[in-house]
Amino acid sequence: MDNQVIENVIDILKSGKNLPEYYKEILFPVNHKEYTLTYQDKKSRESILSMSEEPQAVPFQIEKEFNCNDEWKNLLICGDNYQALKTIHENKDPLIKDKVKGKVKLIYIDPPFATDSDFVTKDGAKAYSDKVKDAEFIEFLRERLILAKEILSPDGTIYVHLDSKKSHYIKVILDEVFSEFDFAEIIWLCGLMGSGEFYPKAHEVIYCYKAKNATFNPPYRLGLSKRITKALQKDENGWFYTRGREGTPGGPNAKRYLKTYVCDNPEYTKEQAIAHANKTRKQTAWSVWIGKKELAEAYNDFPVGTYAYRANKSVDYPTQKPIELLERIVNASSNPGDIVMDFFAGSGTTLIAAEKLNRRWIGCDIGKLSIYTIQRRLLTMENHSPSFCLVMTN
């Protein structure tokens, strides 16, 4: 800052006038790494984490207990997730003190998509309102992501489920908040949902940010693809191999991939060799996850469900996610006994998947229908007697 700028600032302050906006970057420079997203009313990270800033942390009040013990209580929190995250970040409430902050191994959230809509059940009951949009929506989600980063374990993973409306902006925010994490973009083919002639919607995105040393149990496909099995041939020893691999041919490592063995037992038929390879040489799922069974199997993968629910699987909550989708995520990025968190719990599919797979869990939602739906789903699970507390934030 040169002397002339300093003198100008002093003169303006002495006159009692407000400093012009362009002095902001001069007096308070931002250390940009590569890029940053700038918009109206973007708060500092420090103010979001501050315990003195509104909204403030609030006490957790146990409303009901279901099969609870003293060692750990799964929590279904009814209230504002911003306040709930602040309470967990503050780490003083006796219900969660030293039990949650920095120990959550997996966070999955499916926030509103900035659709400017109200979502209702088939009977017209209000599920939730999605009215926050534009820069307000970006900051709404960023505030919660910054708090979530503090709550996540140093070896944790977060998944953020979005669609095309705001995903490109939130990707930049996630890059800022989780800059040191590994990144993957998952495309979920959720079914042909759109209408009209301008590229009807058929997919949503799930951004995954994984700490370098986080748990990752790769989800697997059905087995070797038809392209591989059709190319199988025997060498002089009777061992089955294929030319090429599932990966991209060519490049500096192409020669290494010219011959890949799938079975070294000369007694096996081709069908036996394929069955052996499918058990011993499992193929990791790609980043495109297909909802419909017939389409998934055509790409040699397990289906992860769509929005098109059969009557016996619907819980009558709009935007309900399929259990197969959440089971794949929970299995991939946590182990039994780990804490899984969803602070936009909605219909509760994340919590149901966590319960089924023997994870501990925390869910939060502000909607009464959401809390009712989740309780009903938990208490009517087959072969499970979930242990959890219903907690209120005010």
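I began with Thr-349, which counts as buried at 3% relative accessibility. My cut-offs: buried is under 20% relative accessible area, exposed is over 50%, and partly exposed is in between (1.4 Å probe, protein chains only). Thr-349 sits in helix H11, residues 349–356; helices are DSSP runs of H or I with at least four residues, numbered from the N terminus.

A note on the source: this is a predicted model, where local features need pLDDT of at least 70, side-chain atom pairs count only at pLDDT 80 or more, and totals for chains, interfaces and linings use all residues. Residues are numbered from 1 along each chain as its sequence is written, and side-chain values use heavy atoms, with hydrogens and water left out.

Next I listed contacts (heavy atoms within 4.5 Å). Setting aside residues up to four places away in sequence, Thr-349 touches Gln-320, Lys-321, Pro-322, Ile-323, Leu-326 and Arg-377.

Then the cores. I take a nonpolar core as a set of buried Ala, Val, Leu, Ile, Met, Phe, Trp, Tyr and Cys residues joined through side-chain atoms within 4.5 Å. The largest has 51 residues, and Ile-107, Leu-145, Met-341 and Phe-343 touch the most other members. Helix H5 (residues 134–151) gives the most to this core, eight residues. Another core, of 34 residues, lies apart from it and includes Cys-78 and Ile-329.

Last, cysteines. I found zero disulfides, a disulfide being a pair of cysteine sulfur atoms within 2.5 Å. For Cys-68, the nearest cysteine sulfur is that of Cys-389, 3.2 Å away. Cys-68 is partly exposed at 23% relative accessibility, whereas Cys-208 is buried at 8%.

Key:
Helix = DSSP H or I, 4+ residues; strand = E, 2+ residues; numbered from the N terminus.
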